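Here are my notes for anyone opening this one for the first time. Keep the view beside you and follow the points in order.

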Amino acid sequence: MFSQTRLLVPSLLSRFRSSGTPPKQEGEAGGTRDVSDVITLSLISHTNAGKTTLARTLLRQDVGEVKDSPHVTLFNESFPLLEAEGFLLRLWDTPGFGDSARLMKRLKLERNPVIWFLSQTWDRVTDRPLWCSQQALKNVRDDADVVLYLVNAAEPPEAAHYIAPEMEILGWVDKPVVVLLNQTGTPGSSSMEEAEFDAWRVHLKQFPAVRAVLPLDAFARCWVQEDKLMESLAPLMEGSKIPTFQLVKRAWTQRNIQVFRDSIRLTAEQLTAAMLDGVEVRPETLLERVGWQRDELNREYNDARQKLASQLADRVEQTTNKLIETHGLAGAAGHAINQVARDHFHLPQGVSENIWGVLGSFAGGAMGGLIADLKLGGMTFGGGALLGGLASGLGAYALIRSYNLVRGSDQRLRWSREHFREQVRLALLTYLAVCHFGRGRGEWQESEQPRHWHETVDAVIDEHSDALDHLWKTGVQKETAPAPLFRQTHQFVGDCMVALLERLYPGVDASAWRA
């Protein structure tokens, strides 16, 4: 999904070119490029802060070596972040700064510390911290348009004693610095996160080279935060780099928006299919209506529920896998969960405690939670409707609702409105889980979502409850053709997803997100 973006180069670009022949740089494929055609970001930090992990997340591919030890990256490595009609956004992954305090003391003895430091010969084995620092600083001086300086936000800023000497060293090179807060942990509420980030912003104000401070966790960043990074870089460009960056920034934004639109489409397809699902079950006899001789009919209801739940389980897995692929991630949703669910859709008394435990162990994430509820063939959605329905004792309506099924206008059994609402809720949670999953974390895996995601999703669904009810009635109670039903579902899902991200990231401009 992340193919190179191709855009037309604005004719205005030539107006920003400096006179004469620009110098050349070696291209990614061995050719040459004008310096003004390349925007270079140098990723730098104290050693073992997670630079290569973040590089993997930004690149959507596995690069370099990642392990929990200092000085894993020993050489400057260049990777193309994005290419648009020959214009390149390039990322350098550099070795981490080593013993910064000792280095700073030595540099202060020199009249021209940067030139002195880069002219020295350091042994890669015996002087590894200084050797790595030299490699990183050389890259910043020679190649960087902007420095992306990564810090470990899990520690308080005043405890990061290495920052002051490293910022002073970077200040001597005279390149703008954007500080990225990594290892911020599981996403919290926006107000709580802002308070934590403000502490870092206040602490870093003392360093003139720092132009912006942004959260960008390698494990849990969202594409909305990537777009904010691009916006923060724009005013730092100079001369002929200004139009080049505007072009690649536009391409970056368009790529992310396309992935967002694809996610809306995939989710809308899943929910549309769920509304169109239905199973034929014969009408009740008069005796069955009043609760007598229902064994045969109850078996039909159970078979219908099992079939619908199995179809839903398959569809959720397929959609989740497509979302994973669309976001440039590796791995797949839980095949083991799906198989257990498929083999053991029975009435409650027919499900062993062992099977419940197996399913429950996978139920931390959005998709896992859905499949775990489907272990009873979809009966548990709706907050205890099963007990309430069976306790009433009489009437097919109560029994069908207890299984979260209703008869549609065509008399087929379909998912109830309550069940469909839960499907919407879990589809939105699944999207949040995927779009916040950083490639640097490894292959896709289920994980428990932050509590405030659940609260935000619930608030968005409540806000759109009238639209949800109208959609369900259109799909289940009226004979609506698939194409117009999909269009309505697509509009509804898009409205919910936009509202969701606007709540999670206040101040974001979502005007261009919808097609």
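1. Start with α1: Lys51, Thr52, Thr53, Leu54, Ala55, Arg56, Thr57, Leu58 and Leu59 are buried, where buried means under 20% relative accessible area (1.4 Å probe, protein chains only). That makes nine of nine residues in this helix, which spans 51–59. Just after α1, Arg60 has a positive phi of about 60°. Helices here are DSSP runs of H or I with at least four residues, strands are E runs of at least two, and both are numbered from the N terminus.

2. A word on the basis: this is a predicted model, with local features needing pLDDT of at least 70 and side-chain atom pairs counted only at pLDDT 80 or more, while totals for chains, interfaces and linings use all residues. Residues are numbered from 1 along each chain as its sequence is written, and side-chain values use heavy atoms, leaving out hydrogens and water.

3. Now the sheet. Six strands form an open sheet in the order β4-β5-β3-β6-β7-β8, with mixed pairing; two strands pair if DSSP finds at least two bridges between them. At the edges sit β4 (77–84) and β8 (210–215), each pairing on one side only. Neighbouring strands are turned by 25° against each other on average, direction ignored. The axes are lines fitted to C-alpha atoms, for helices over the stretch in contact, and angles run from 0 to 180 degrees between N-to-C directions.

4. α1 packs on this sheet, touching β3 (38–45), β4, β5, β6 (146–152) and β7 (177–182), and its direction makes about 145° with that of β3. Contact here means heavy atoms within 4.5 Å. Helix α5 (163–173) lies across β3, β6, β7 and β8, at about 175° to β6.

5. Is β3 enclosed or open? Eight of its eight residues are buried, so β3 is largely enclosed by the rest of the structure. Look at Leu43: its bridge partner in β5 is Asp93, and in β6 it stands opposite Leu148.

6. Finally, the cores, meaning sets of buried Ala, Val, Leu, Ile, Met, Phe, Trp, Tyr and Cys residues joined through side-chain atoms within 4.5 Å. In the largest, with 48 residues, Trp223, Phe260, Leu501 and Trp513 touch the most other members. A second, separate core of 34 residues includes Leu41, Ala55, Leu82 and Phe87.

Conventions
Buried means under 20% relative accessible area, exposed over 50%, partly exposed in between (1.4 Å probe, protein chains only).
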